[in-house]
There are 4 protein chains.
Amino acid sequence: MALKTAEEYKESLRKLRPNIHKFGKLIEDVTKSPYTRCTVEGHSQIFSAQHNPEYQDIVTTKSNLIGEQISRYLSLICSPEDMIANSKMKRFLFHLTGTCTGGRCVGWNCINAMWPTTYKLDKEYGTDYHQRLKNWLTFAQKNDITIAGALTDPKGDRTKSPSQQDDPDMNLHIVEEKKDGIVVKGAKVMICGVAAANEIFILPGSGYKEEDKDYAVSFVIPRDIEGLTIIETRRPSDTREEEEGFDIPVKCGGITQAYLFFENVFVPKERVFMCKEYKYSINAVLNFIMPYRSAIGACVAGQGDVKIGAAVLVARANGLSSKVFNEKLTQMYINNETTYAVGIAAAALGKPHPSGVWQCDPLLSNVNKVHVATLPYQTSMLAQEIAGGIAETGCMPSSVDFYDPQYGKLLQKYLKAKSSAESRAKAARLVEWATIGAGVPGCMHGGGSPDGAKLLIRANANLEEKVQIAKRLAGIKEDIPEPEKKK
Amino acid sequence: MALKTAEEYKESLRKLRPNIHKFGKLIEDVTKSPYTRCTVEGHSQIFSAQHNPEYQDIVTTKSNLIGEQISRYLSLICSPEDMIANSKMKRFLFHLTGTCTGGRCVGWNCINAMWPTTYKLDKEYGTDYHQRLKNWLTFAQKNDITIAGALTDPKGDRTKSPSQQDDPDMNLHIVEEKKDGIVVKGAKVMICGVAAANEIFILPGSGYKEEDKDYAVSFVIPRDIEGLTIIETRRPSDTREEEEGFDIPVKCGGITQAYLFFENVFVPKERVFMCKEYKYSINAVLNFIMPYRSAIGACVAGQGDVKIGAAVLVARANGLSSKVFNEKLTQMYINNETTYAVGIAAAALGKPHPSGVWQCDPLLSNVNKVHVATLPYQTSMLAQEIAGGIAETGCMPSSVDFYDPQYGKLLQKYLKAKSSAESRAKAARLVEWATIGAGVPGCMHGGGSPDGAKLLIRANANLEEKVQIAKRLAGIKEDIPEPEKKK
Amino acid sequence: MALKTAEEYKESLRKLRPNIHKFGKLIEDVTKSPYTRCTVEGHSQIFSAQHNPEYQDIVTTKSNLIGEQISRYLSLICSPEDMIANSKMKRFLFHLTGTCTGGRCVGWNCINAMWPTTYKLDKEYGTDYHQRLKNWLTFAQKNDITIAGALTDPKGDRTKSPSQQDDPDMNLHIVEEKKDGIVVKGAKVMICGVAAANEIFILPGSGYKEEDKDYAVSFVIPRDIEGLTIIETRRPSDTREEEEGFDIPVKCGGITQAYLFFENVFVPKERVFMCKEYKYSINAVLNFIMPYRSAIGACVAGQGDVKIGAAVLVARANGLSSKVFNEKLTQMYINNETTYAVGIAAAALGKPHPSGVWQCDPLLSNVNKVHVATLPYQTSMLAQEIAGGIAETGCMPSSVDFYDPQYGKLLQKYLKAKSSAESRAKAARLVEWATIGAGVPGCMHGGGSPDGAKLLIRANANLEEKVQIAKRLAGIKEDIPEPEKKK
Amino acid sequence: MALKTAEEYKESLRKLRPNIHKFGKLIEDVTKSPYTRCTVEGHSQIFSAQHNPEYQDIVTTKSNLIGEQISRYLSLICSPEDMIANSKMKRFLFHLTGTCTGGRCVGWNCINAMWPTTYKLDKEYGTDYHQRLKNWLTFAQKNDITIAGALTDPKGDRTKSPSQQDDPDMNLHIVEEKKDGIVVKGAKVMICGVAAANEIFILPGSGYKEEDKDYAVSFVIPRDIEGLTIIETRRPSDTREEEEGFDIPVKCGGITQAYLFFENVFVPKERVFMCKEYKYSINAVLNFIMPYRSAIGACVAGQGDVKIGAAVLVARANGLSSKVFNEKLTQMYINNETTYAVGIAAAALGKPHPSGVWQCDPLLSNVNKVHVATLPYQTSMLAQEIAGGIAETGCMPSSVDFYDPQYGKLLQKYLKAKSSAESRAKAARLVEWATIGAGVPGCMHGGGSPDGAKLLIRANANLEEKVQIAKRLAGIKEDIPEPEKKK
């Protein structure tokens with residue numbers, strides 16, 4: 001059966017070898033550890049939804065590989081409709097969990113990036129990467145596995161290329177090619193949702209030249225593979241996750257970001273999808289970027305919906321009508337729908353790839369990345385403005401104090417307003433969590449920086465065509481070329 | 001043959017009775033008058049494109065009424081693809097003309113608004129408006145007629161409804177119903193492209209209640225109908241259109257806005273599509289708004305392309321590489337693509353109407369209106385910033401002085417930079433024309449105000465759903481209703 | 001001697017009765033408790049600076065009451081120069097501590113608010129509040145005491161005035177007037193720096209009408225007065241302050257916000273500065289707002305300086321020149337200098353009050369509040385953009401893991417870039433701390449909401465004067481009054 | 001008597017030799033020509049105000065040279081109070097005229113720029129420029145002359161320095177040094193208010209190196225000097241100034257921008273203030289920039305006031321209360337007061353120069369330039385949004401049509417709303433004039449570009465100090481220098 005239940009999913013995680021650490025401790029069971037359980041619960045909801053008649057159309061689709069219903073997170077995107085359905089799912093998932101479930105979505109991006117890349121690779125080099133990927137994906141779909149994705153290398157000194165670094169491990173690389181596979185060393189950092197994943201899909205971190213060909217590598221591995229050490233990062237207010245009470249207001253969702261350290265990890269060749277074909281590393285990255293930057297507009301819109309709802313809850317709990325904040329709410333709606341819409345348009349204006357996948361428009365995908373990296377900040381600010389001081393930053397006592405046997409009654413007395421003190425406090429915590437707390441996803445640099453997106457915008461914007469349009473309109477015949485940059 | 005040539009189109013205009021005035025004068029021939037010839041030339045390019053193999057797929061489509069290729073401006077929008085093709089056409093037309101060709105596009109909106117409205121009207125009232133519209137549209141398609149559209153009434157005192165006005169004519173209304181038609185009185189104002197149109201399609205200006213039912217009226221008339229007096233408005237720098245030289249840098253495009261005064265105009269009943277069915281007046285307006293506000297994103301993107309091209313031309317003529325302005329150009333690209341994309345997404349997420357037309361998403365259409373009313377201002381500002389003082393405002397002598405036999409040589413000497421003085425001056429004029437001159441379309445209030453759009457955004461944004469999402473996430477069970485607005 | 005040393009200051013805090021709680025625990029020594037020591041260290045630096053020849057002119061001034069050098073935080077503002085010097089001090093203090101030292105500055109505002117208010121009060125009612133304030137201020141200056149300030153009441157249901165609340169304690173009020181003083185009950189919430197203060201200055205929270213006269217009260221009390229219970233709030237990532245290591249990167253500064261619960265607290269009459277004179281409650285609030293909203297522009301500029309420095313440190317540690325980020329840095333400079341400058345201008349355009357103090361311009365003070373509530377968000381966003389993913393949110397492992405004996409070396413290896421791993425990690429933590437962590441001050445609602453400021457902007461903007469100017473310019477003689485708001 | 005009347009001022013203009021051209025015609029009398037009379041009327045109001053008891057303190061001050069009351073436009077700025085008074089005057093003048101009176105204000109800037117420059121020049125070179133300037137200024141004050149100022153050269157190809165240009169005249173330069181003076185050739189372009197001025201003060205257009213020393217020149221000349229040809233530029237809708245009626249709604253103010261062509265003009269040495277001392281050319285420019293960019297904040301605020309008043313007039317004429325637009329009006333107030341305040345702060349934080357003048361803070365002056373180049377665009381947009389379609393662009397018939405004997409009554413009938421049609425039309429024209437018409441001053445590039453200002457912001461922002469602050473706070477000892485820019 002291609003669709004796991006939430007319990008089967010959790011069981012699959014419990015079977016993995018513990019290799020994740022945080023705060024100096026080894027996490028024995030990711031479904032129980034306070035550092036990882038929230039994100040696991042978040043991902044679990046995808047599995048519950050798969051079996052919920054109300055939601056299953058949102059989160060599942062029929063596989064063109066195995067002919068069964070599968071998770072959309074394991075599907076190939078073959079049409080604008082597929083892509084739009086994926087965006088809708090992501091917005092829905094933010095509604096369910098309040099935040100990011102990156103442990104499935106980045107893996108999905110990797111699949112859809114390497115599908116066309118391996119197709120092209122094989123065409124040029126006569127390799128069999130595409131078939132390997134197909135075989136593995138068939139397995140993944142049949143077993144409904146959860147796949148995180150990893151691109152970002154530590155990179156070391158940004159003034160130097162991978163092979164120029166003092167330490168060659170600053171970017172993940174192949175240290176040995178064996179008959180039956182490869183050995184890799186290095187790290188991938190800031191990787192989302194690893195704790196909630198069964199496997200991890202690795203892509204090259206950038207485009208490479210010949211001298212860096214050992215860095216052009218793509219493969220997929222079980223999360224608990226030998227030689228892989230994982231350290232979870234620290235996030236804002238993350239120790240609250242160790243507590244009871246409502247200071248982490250959301251129990252059914254959460255984020256993790258991990259550093260993955262590869263100490264001579266062996267990857268069998270049937271799981272390797274690129275091996276030193278450096279010319280295609282940039283191709284893999286660009287193929288990744290387009291659906292990622294298109295769909296992420298739905299993610300931040302979904303969280304924006306939560307910010308709106310939470311802010312209005314506090315306002316009403318304060319005794320203020322949402323109408324007082326019409327101007328601000330409208331701006332929040334506009335921000336949400338803008339990132340959502342630009343992503344949808346990138347899908348609608350995409351093009352089919354010979355390998356069968358649908359590729360989003362590169363210009364609009366990258367325009368969306370810039371919006372995704374900026375508009376949610378304004379939406380957060382407006383949520384704090386609507387919700388008032390209590391939800392801004394550091395202006396409400398802890399849940400422990402709220403229930404303190406000695407003086408908790410004072411807080412309960414004075415936090416009461418139009419609603420009960422408890423509801424008001426919880427709503428305020430939700431605003432804090434989503435705008436300055438543990439629920440804030442990395443929308444600025446996640447999936448690449450806005451400056452990188454701007455480079456791609458310029459590369460795709462066709463300036464010269466616009467210049468020709470202007471020349472024709474103004475009746476200018478003279479050739480006016482680009483001058484040298486001023487000394 | 002359903003596709004006129006440019007010459008046939010102009011000829012059709014020349015046949016109309018002169019009833020347009022400007023500056024106290026009657027315009028005898030709109031194809032020749034300096035006040036109207038630019039916009040006629042702009043519209044003519046649509047007809048030329050229809051016969052140009054390179055462009056005909058952009059501007060024509062196959063009719064589902066007459067089975068022939070027709071102008072997209074006369075087509076029913078029956079799918080997201082139709083709508084997206086319309087957006088692409090509009091962006092293309094701005095490239096061809098530098099500005100708005102509202103004399104065809106608003107009429108197209110009226111057709112696609114009244115198609116579903118008459119369908120519903122007939123269902124409820126057993127009337128035959130839908131068939132009348134179909135008959136007329138068949139005629140229009142077969143004869144490739146150019147149709148302006150008109151909604152905006154003078155409105156008088158905004159504190160009063162139409163029937164409460166001191167002067168009942170402040171909104172166009174039915175003064176008499178005859179067996180074979182209706183007699184209307186009043187005005188429609190700020191109507192785009194009337195001088196370039198053969199006919200004018202009238203919609204009600206707003207939603208009306210029973211006491212205002214005489215104002216619920218829709219029909220189509222020849223531009224030169226008896227009783228109709230038209231006065232063209234004054235636009236920035238419009239008297240330059242009376243001159244030779246390059247101070248109006250664009251000859252192949254231009255805008256007109258007209259006031260239409262109806263002094264007891266008789267409209268035969270086969271051309272009437274709504275007659276006092278006041279409940280449906282809001283329906284007509286909303287059906288108009290959705291495709292209009294979706295497609296206009298492509299219009300301002302198209303003009304944004306011109307602003308980019310023109311600004312870079314001046315910069316290069318000044319000796320500056322466009323790379324110096326990378327950050328500004330990127331913002332201009334983002335602005336253009338955002339309005340374009342949100343419109344595309346409104347199409348992609350639209351829904352089919354039982355009458356057969358495709359209706360754009362109302363939330364995204366209205367979000368787009370807000371962007372359309374704001375982003376082009378920033379794009380203009382950036383164009384002026386890139387182009388430098390010469391193109392900002394009032395910083396370059398006239399074309400007359402440039403060619404003055406006595407001192408013109410001084411201007412020609414000193415305006416020379418990296419390019420010739422003439423090319424530089426023309427490019428600077430194009431920036432001025434598109435950002436503060438005769439080429440600036442009314443993107444703020446055209447098709448309704450952004451505040452009106454914001455009302456519709458709030459009406460479609462589903463706030464309570466977001467509140468429920470937040471309550472579930474924060475584990476709040478208490479009912480927290482909207483309080484009364486604070487005294 | 002009017003200027004304490006840092007050690008004398010800490011000693012004065014240690015002498016106070018413990019009455020501050022956090023996480024269910026009573027804080028025995030605020031100078032040692034992890035929950036309060038950072039803010040105490042921050043405030044201590046003011047005292048060190050008082051004795052540092054390089055800094056003493058910044059933080060001290062000569063008293064016009066006692067004729068000695070005193071802390072500027074205890075001084076009366078009698079000229080624009082005084083006010084500007086105060087702004088400079090605040091920017092400097094943010095440089096020293098990285099964040100807010102509200103335990104001195106709000107008290108200073110209260111002094112300068114009640115000085116003119118008591119002056120006017122006495123003129124009207126023949127009371128002796130002004131002399132009481134003078135006596136107490138003389139004492140405070142002579143003993144260099146640290147004074148927090150408190151305005152914000154819990155307020156309860158915002159649809160009701162204080163006396164209409166179900167619970168009359170929702171706003172702090174007088175429950176009994178005795179011969180020698182008053183008894184008060186209620187709470188003040190979200191009060192900054194109480195843990196670092198010797199005394200607390202209370203102001204009414206709003207303007208009141210006669211039925212709410214019991215709420216019109218101002219006084220000053222020792223922080224450890226009988227009947228006062230204090231609960232510290234929870235701030236983002238505050239439990240990190242319990243840890244060693246660099247996850248709280250700044251040890252010499254920090255914020256606290258407290259809830260103060262008054263359970264029948266007796267205040268002797270010589271410390272009472274307003275007692276039911278409800279007409280003057282709004283006066284006190286407005287007198288508070290003007291210097292507060294003027295000076296806070298320097299605060300957020302000071303923290304903006306830190307954000308710039310920290311972001312550039314990470315960028316350089318990454319191997320990227322600050323020049324890459326010129327556009328972003330320029331925007332950060334502009335944001336910082338704008339809030340700083342508008343505050344300075346509010347001082348420069350202020351007016352003398354008959355009581356001797358200088359009052360900042362109300363229009364500009366409130367304009368500044370709006371900037372203060374918005375620009376720092378953009379500055380934070382830009383800091384995160386420059387610093388990269390490592391500093392954005394949740395993308396770097398903990399200090400504990402960094403030094404872990406088993407796998408810490410992996411982090412140390414891979415976090416190395418152009419600088420050492422440790423410097424890079426510390427700089428990244430500083431960006432996090434200042435933009436999404438424990439160092440973020442409440443610039444949105446602190447000192448009142450931006451919507452409140454906007455009300456005051458409109459009240460001070462003199463719209464009718466502008467309308468008259470326009471009428472004269474356009475040659476309009478007709479009276480065009482404000483119509484009724486549209487139904 | 002140092003203070004001319006308006007009539008004396010106009011008489012002084014009429015005495016000048018006609019050397020100004022527009023549209024191929026020589027302007028015989030600038031006080032009567034439709035192309036120049038509006039700006040002359042605007043400047044005349046300064047002279048009327050000098051004799052109006054209500055206004056004379058605003059526009060006059062006591063000279064420290066001649067001991068009499070003089071125009072502030074001829075005064076040396078010796079204190080922050082002087083500078084602030086100048087800002088207030090400028091805002092007031094925009095209220096009186098609706099727009100810029102650059103024919104006096106730029107000259108004033110030149111005086112205050114060359115005063116400290118000549119002081120330093122003489123110190124280094126033992127020249128007597130400072131005394132020459134003093135003598136001339138004494139004459140100017142005694143005769144209340146009106147002085148335009150000119151910096152901007154045509155510049156030719158921006159990739160080349162002045163001496164590298166193919167045509168050496170692309171920047172104004174000294175072609176001959178004679179015993180009693182110098183001969184200059186070249187041009188100054190985009191010069192404001194020349195038609196309203198008696199004299200023109202020339203400054204070098206940039207900083208120059210030794211090879212360009214012939215371009216380092218400053219002097220003052222009568223506007224009608226032999227060899228000087230002046231051509232007025234074309235501004236938006238400027239031909240309306242040839243008409244009667246209200247399409248130019250403001251008769252008491254207007255702008256001109258001129259190109260000045262110097263064909264071997266002889267300047268006597270007592271009027272020369274810099275002659276090839278190239279090292280000081282940048283000094284002159286920077287000394288000019290500081291007061292200019294400080295005071296211009298008041299100018300755009302003053303015009304912003306007009307935009308607010310005009311927009312509200314139209315709204316009220318439409319029947320809409322200004323309260324409907326509270327959010328927009330507040331943003332307009334904020335924009336206005338921000339540019340005003342940052343300029344005031346630049347004055348308040350300035351420093352005295354050894355020559356006796358007060359110099360505004362360079363960082364804040366340049367921050368203000370960026371605001372001045374951006375905020376007024378938003379203010380204009382908001383004015384158009386409030387005023388509605390009628391005032392946006394091209395949506396109202398001409399004044400000629402309004403009064404047309406045949407159909408004018410139709411316009412008069414239908415333009416009536418809450419006010420008369422005429423008042424409504426005039427108010428709408430005022431919005432158009434101030435936002436997209438002949439009243440729009442060049443706030444983007446006037447006095448230099450915002451990109452130039454950003455360079456100076458970075459030069460004055462002291463980045464390294466901020467980095468040191470951050471290092472200290474984060475406890476980083478390691479040296480982290482600026483890396484090389486990434487390849």
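The following is a conversation about a predicted model.

Biologist: What makes the 24 Å radius of gyration of chain A agree with a compact globule?

Modeller: A compact globule of 487 residues would have a radius of gyration near 23 Å, and chain A has 24 Å, so the two agree. Along its principal axes, the C-alpha trace of chain A spans about 75 × 70 × 50 Å.

Biologist: What share of chain A is buried, and how many helices and strands does chain A have?

Modeller: Buried residues are 70% of the 487 in chain A. The secondary structure comes to 16 helices and 14 strands. Of the contacts in chain A with a separation of 6 or more, 76% are between residues 24 or more positions apart. The accessible surface of chain A is about 14,900 Å², and 51% of that belongs to carbon and sulfur atoms.

Biologist: How are the charges of chain A placed?

Modeller: Chain A has 61 positive and 57 negative side chains, and the centres of these two sets lie 4 Å apart. Over all chains, the structure holds 140 salt bridges.

Biologist: Why is the pair A:Lys22 and A:Asp238 called a salt bridge?

Modeller: A salt bridge needs a side-chain nitrogen of Lys or Arg within 4 Å of a carboxyl oxygen of Asp or Glu. The N to O distance for A:Lys22 and A:Asp238 is 2.7 Å, so the pair meets the cut-off.

Biologist: Which parts of chain A does the pair A:Lys22 and A:Asp238 tie together?

Modeller: A:Lys22 lies in strand E1 (residues 20-22), while A:Asp238 is in the loop between strand E10 (228-232) and strand E11 (257-268), so the bridge ties together parts that are 216 residues apart in sequence.

Biologist: How do you know whether A:Lys22 and A:Asp238 are buried or exposed?

Modeller: Buried means under 20% relative accessible area. A:Lys22 has 1% relative accessibility and therefore counts as buried. A:Asp238 also has a relative accessible area of 1%, so A:Asp238 is buried. Both residues belong to a network of salt bridges that includes C:Arg240, C:Glu243 and C:Asp247.

Biologist: What makes B:Glu327 and A:Lys454 a salt bridge?

Modeller: Their side chains meet at 3.3 Å, N to O, and the cut-off is 4 Å, so the pair qualifies. This pair crosses between chains, from B:Glu327 in helix H8 (residues 326-348) of chain B to A:Lys454 in helix H15 (residues 450-460) of chain A.

Biologist: Why is B:Glu327 called partly exposed, and why is A:Lys454 called buried?

Modeller: Under 20% is buried, over 50% is exposed, and partly exposed is in between. B:Glu327 has 30% relative accessibility, so B:Glu327 counts as partly exposed. A:Lys454 has 12%, so A:Lys454 counts as buried.

Biologist: Which parts of chain C do C:Lys188 and C:Asp153 tie together?

Modeller: The side chains of C:Lys188 and C:Asp153 meet in a salt bridge at 3.3 Å, N to O. C:Lys188 lies in strand E7 (residues 181-192) and C:Asp153 in the loop between strand E5 (147-150) and strand E6 (173-178), so the pair ties together parts that are 35 residues apart in sequence. Both C:Lys188 and C:Asp153 are buried.

Biologist: What makes helix H9 of chain D mostly covered?

Modeller: Helix H9 (residues 362-372) of chain D has eleven residues, and ten of them are buried. Among the buried ones are D:Leu363, D:Val367 and D:His371. The cover includes helix H8 (326-348) of chain C, together with helices of chain D such as helix H7 (281-318) and helix H10 (375-387).

Biologist: What is phi of C:Met190 and of D:Asn264?

Modeller: Most residues other than glycine have a negative phi. Phi of C:Met190 is near 60°, a positive value, and the residue is not glycine. D:Asn264 is not a glycine either, and has a positive phi of about 55°. C:Met190 is found in strand E7 of chain C, and D:Asn264 in strand E11 (residues 257-268) of chain D.

Biologist: Why are C:Met190 and D:Asn264 called partly exposed?

Modeller: The relative accessible area of C:Met190 is 22%, so C:Met190 is partly exposed. The value for D:Asn264 is 46%, so D:Asn264 is partly exposed too.

Biologist: Why is A:Leu329 called buried?

Modeller: A:Leu329, in helix H8 (residues 326-348) of chain A, has a relative accessible area of 2%, so A:Leu329 is buried. Leaving aside neighbours within four places in sequence, A:Leu329 is in contact with A:Ile308, A:Val312, A:Ser322 and A:Ile386.

How values were computed:
Residues numbered from 1 in each chain as written. Chains lettered and ligands numbered in written order. Predicted model: local features only at pLDDT ≥ 70, side-chain atom pairs only at ≥ 80, totals over all residues. Heavy atoms only, no water. Helix = DSSP H or I, 4+ residues; strand = E, 2+ residues; numbered from the N terminus. Rg over C-alpha atoms; globule rule 2.2 N^0.38 Å. Buried < 20%, exposed > 50% of the residue type's maximum accessible area, 1.4 Å probe, protein only. Contact = heavy atoms within 4.5 Å. Areas by Shrake-Rupley, 256 points an atom, 1.4 Å probe, with all protein chains shown as cover. Lys, Arg positive; Asp, Glu negative; His and termini not counted. Charge placed at Lys NZ, Arg CZ, Asp CG, Glu CD.
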